[in-house]
Amino acid sequence: AILIETLHKLMQCDGTYEIIIVDQSTPPNEAARLLAEDHPDRLRYYWREEPGLPLSRNFGLTKACHPVVLFCDDDVVPATGLIVAHSRHYADETIGGVAGRVLPPGPAPIPPSHPVVGRISRLTGNQTDDFDAVVEVDVDHGQGCNMSFRKAAIETVGGFDTRFGGSAFLEETDACLRVKQAGYRIRFDPRAA
């Protein structure tokens with residue numbers, strides 16, 4: 001039910017796009033499959049028996065037809081301008097990825113006055129998130145529930161590392177760091193919420 005709500009919200013977003021559903025449920029999510037059948041112009045449904053977030057992200061990349069790929073979790077509530085906000089950055093060839101704003105359920109928190117958004121300390125390795133900030137800035141990483149990549153950039157670095165098993169904790173951080181290492185920038189945009 002949560003996935004179906006997310007899909008309906010995504011279909012209300014502005015912009016030109018396709019939605020690829022990579023289902024790892026056991027049994028397969030019949031409601032999602034039927035919704036995709038009802039909207040073949042917007043939704044494509046695939047079921048994968050082998051679970052794993054990086055595996056599914058990579059599979060989705062192989063099915064994507066557009067030069068920019070946005071990854072969302074199955075329980076996000078996207079703002080109407082989500083896709084347009086991500087897309088607008090890719091006119092700049094130096095941008096390899098975009099991290100979007102992530103807000104918890106409930107009333108919007110008061111954003112930090114001097115946030116350090118999406119940074120990793122070169123000295124300690126400590127990671128800072130603050131993805132509820134309202135400043136646009138270059139970052140080291142994004143959150144997997146709301147991030148996009150230039151398809152060529154993420155493919156150049158080999159996609160998502162499938163060695164991240166279980167909950168695949170920090171697999172998106174790893175992907176962002178590898179895209180940056182390949183010479184691209186990652187941009188945080190609070191309008192991509």
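**Figure 1. Exposure of Cys65 in the predicted model.** Cys65 is exposed, with a relative accessible area of 62%; exposed denotes over 50% relative accessible area, buried under 20%, and partly exposed the range in between (1.4 Å probe, protein chains only). The model is predicted, so local features need pLDDT of at least 70 and side-chain atom pairs count only at pLDDT 80 or more, while totals for chains, interfaces and linings use all residues. Residues are numbered from 1 along each chain as its sequence is written, and side-chain values use heavy atoms, with hydrogens and water left out.

Figure 2. A search of the whole structure returns 0 disulfides, a disulfide being a pair of cysteine sulfur atoms within 2.5 Å. For Cys65, the nearest cysteine sulfur belongs to Cys72, at 18 Å. For Cys72, the nearest cysteine sulfur is that of Cys13, at 7.8 Å. Cys72 is partly exposed, its relative accessible area being 26%.

**Figure 3. The largest nonpolar core.** This core comprises 20 residues; a nonpolar core is a set of buried Ala, Val, Leu, Ile, Met, Phe, Trp, Tyr and Cys residues joined through side-chain atoms within 4.5 Å. Phe71, Phe149, Ile154, Phe160, Val179 and Phe188 have the most contacts inside it. At least two residues each come from strand 3 (68-72), strand 8 (146-150), helix 5 (151-156), helix 6 (171-181) and strand 9 (185-189). Helices (H or I, at least four residues) and strands (E, at least two) are DSSP runs, numbered from the N terminus. Helix 6 makes the greatest contribution to this core, with 3 residues. A second, separate core has 18 residues, among them Ala36, Tyr45, Leu82 and Ala192.

Figure 4. Glu172 lies in helix 6. Although buried, Glu172 has no salt bridge, and the nearest side chain of opposite charge, Arg57, is 5.6 Å away. A salt bridge requires a side-chain nitrogen of Lys or Arg within 4 Å of a carboxyl oxygen of Asp or Glu; Lys and Arg count as positive and Asp and Glu as negative, with His and the chain ends not counted. With neighbours within four places in sequence left aside, Glu172 is in contact (heavy atoms within 4.5 Å) with Gly142, Gln143, Gly144 and Met147.

Figure 5. The protein chain contains 6 helices and 9 strands. Of its 193 residues, 44% are buried. Its C-alpha atoms fill a box of roughly 50 × 35 × 30 Å, taken along the principal axes.
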